Amino acid sequence: MPGFPNPHLPFFLILLLTSNAASSAAISVGAPLPHPSTHQFKEAPQFYNSPECPAIDWDDEREGAAGDRVGGAIFCSDRAVHVAMTLDTAYIRGSMAAILSVLQHSSCPQNIAFHFVASQSADASALRATISSSFPYLNFRVYSFDDSSVARLISTSIRSALDCPLNYARSYLANILPMCVRRIVYLDSDLVLVDDIARLARTDLGERAVLAAPEYCNANFTSYFTPTFWSNPSLSLTFADRRACYFNTGVMVIDLDRWREGDYTTKIEEWMELQKRIRIYELGSLPPFLLVFAGEIVPVNHRWNQHGLGGDNFRGLCRDLHPGPVSLLHWSGKGKPWARLDANRPCPLDALWAPYDLLQTPFALDS
C-alpha cells in the first residue's frame, strides 16, 4: 500500500471537508473522554517504497552518540528522512495521526526514521509499545530527555500547556540524537501532512543557515516581546542588523551539524536565563528561538505550515485556512481537533484531521 503525494491537493481538501464532516461528528456523538493512558489505537496499514526510492544498506551499523551502537543503518543514513517529534501521553493521539499522515503521503515511507523524544519521567516502554502496536514496521527510536535541566529555566507563560519542559526538547535535539544524525525535520504532534515529507526535508539551507521554516513577516513581530525588552537598547538592538520575522517552531528543518558547531542550545539557554531575571517575553519556548534565529533562517513556502488552526492561546476559536496551497495542516493554539471532536463541537477543518485518527472507539467498526 504505497503512499504518494496528491497532486490535486486543493480538491483533496475540499472533498475531505465536505465528505467527512458529517461522519466525523457522528462518530464523536456521545464519545467518552478517556484518560490518555487508557487510549487504544488501531493498527495502521503498512506502506511500501516506490521503485525509485534510494536503497539503504540495512546490514550496516554506525556509531551513535556517546559511542553507543545504533542498530540499523537507517538511523544514521543520509539517504533517510529523519523526523523528530516529542512523545507523551497527553498528545499521543495527535502524534499517532501525525505519524500516519507522514507515512501515507510519502513516496518512500520505508526510508523514514522517526526519532521520538520523551520525558525522563515518562513510561518510555509504554509509549514504545503503543507506537509498535499501531506501526509494527515503523523505523523508530525513543530517546529520554532529562527535562529537569531545562525546568529550572522555564518562566510561566500565557498558557500553562506551553510551560511543559518537553516543549523545550526541540532546543536540545542536537544533544539528544546520535551525532550521526545530521539533518532532521522537527514536527509538532498537533499536525498532519498531506504531501511528501521528502520535499520538505530537501530544503536547501545554503552555506550557513542552521534551520528553515515558513516565515510570516506580516505578523506583528514586536508583540512577541515585552515593552521592557523593546525599551532596553542593549536588548532591542539584538535585531538591529536582521530582517526579523515571526516563524512557528512546530515545523522546522534543522542542520544538526551546524547547530552543534554554533552551540545554539547554549545561546537559547542564555536568553531563558535572562528571562528569569527580566520579563522580556510571554510565550513559552518560541521567543528564545526568535531571539537566536529570526532573520537568519531560510524561508519555506507557507504551504508547509498552515498553522493556527487551533485558534488563539485563550479560547481556541475556529479558523479558516490561509489562502494558497496546503501541504501541512497545523492545529497550533489552544483548540485540538481530537478534543473538539470528542466533545461533539468540532470546527469545520477538524474534519481534515479525523481521517488520520487511529483511536479505537467502542463504536468503531473493524475494516
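How many salt bridges does a search of the whole structure find? The search finds 12, where a salt bridge is a side-chain nitrogen of Lys or Arg within 4 Å of a carboxyl oxygen of Asp or Glu.

1. First, the ground rules. This is a predicted model, in which local features need pLDDT of at least 70 and side-chain atom pairs count only at pLDDT 80 or more, while totals for chains, interfaces and linings use all residues. Residues are numbered from 1 along each chain as its sequence is written, and side-chain values use heavy atoms, with hydrogens and water left out.

2. Helices (H or I, at least four residues) and strands (E, at least two) are DSSP runs, numbered from the N terminus. Asp-342 is buried at 12% relative accessible area, and Arg-93 is buried at 4%. Buried means under 20% relative accessible area, exposed over 50%, and partly exposed in between (1.4 Å probe, protein chains only). Together with Asp-357, Arg-93 and Asp-342 are linked in a network of salt bridges.

3. Next, look at Arg-170 and Asp-188, a salt bridge whose closest N and O atoms are 3.6 Å apart. Arg-170 sits in the loop between α4 (148–151) and α5 (173–176), and Asp-188 in the loop between β6 (183–187) and β7 (191–193). Both Arg-170 and Asp-188 are buried.

4. The salt bridge of Glu-296 with Arg-242 has its closest N and O atoms 4.0 Å apart. Their positions in the chain are 54 residues apart. Glu-296 is partly exposed at 45% relative accessibility, whereas Arg-242 is buried at 17%.

5. Now to the disulfides, of which the structure holds 4; a disulfide is counted when a pair of cysteine sulfur atoms lies within 2.5 Å. With bonded cysteines counted along the chain, the pattern is 1-3, 2-4, 5-6, 7-8. One of them joins Cys-53 and Cys-108, with sulfur atoms 2.0 Å apart. This link of Cys-53 and Cys-108 is left-handed, with -100° about the S-S bond. Cys-53 is buried at 13%, and Cys-108 is buried at 17%.

6. Cys-217 and Cys-245 also form a disulfide, their sulfur atoms 2.0 Å apart, and this link is right-handed at 100° about the S-S bond. Cys-217 is partly exposed at 34%, while Cys-245 is buried at 4%.

7. Another disulfide joins Cys-318 to Cys-347, S to S 1.9 Å. Cys-318 lies in the loop between β12 and β13 (328–330) and Cys-347 in the segment after α12, so the pair ties together parts 29 residues apart in sequence. Cys-318 is partly exposed at 48%, but Cys-347 is buried at 7%.

8. Finally, do visit Asn-248, in the loop between β10 (246–247) and β11 (251–255). Asn-248 is buried at 10% relative accessibility. A polar contact of 3.3 Å joins the side chains of Asn-248 and Tyr-246; such a contact is a pair of N or O atoms within 3.5 Å, and within protein one must be able to donate a hydrogen and the other to accept it, with residues adjacent in sequence counting only if both atoms are side-chain atoms. The Asn-248 side chain also reaches the backbone nitrogen of Gly-250 at 2.8 Å.
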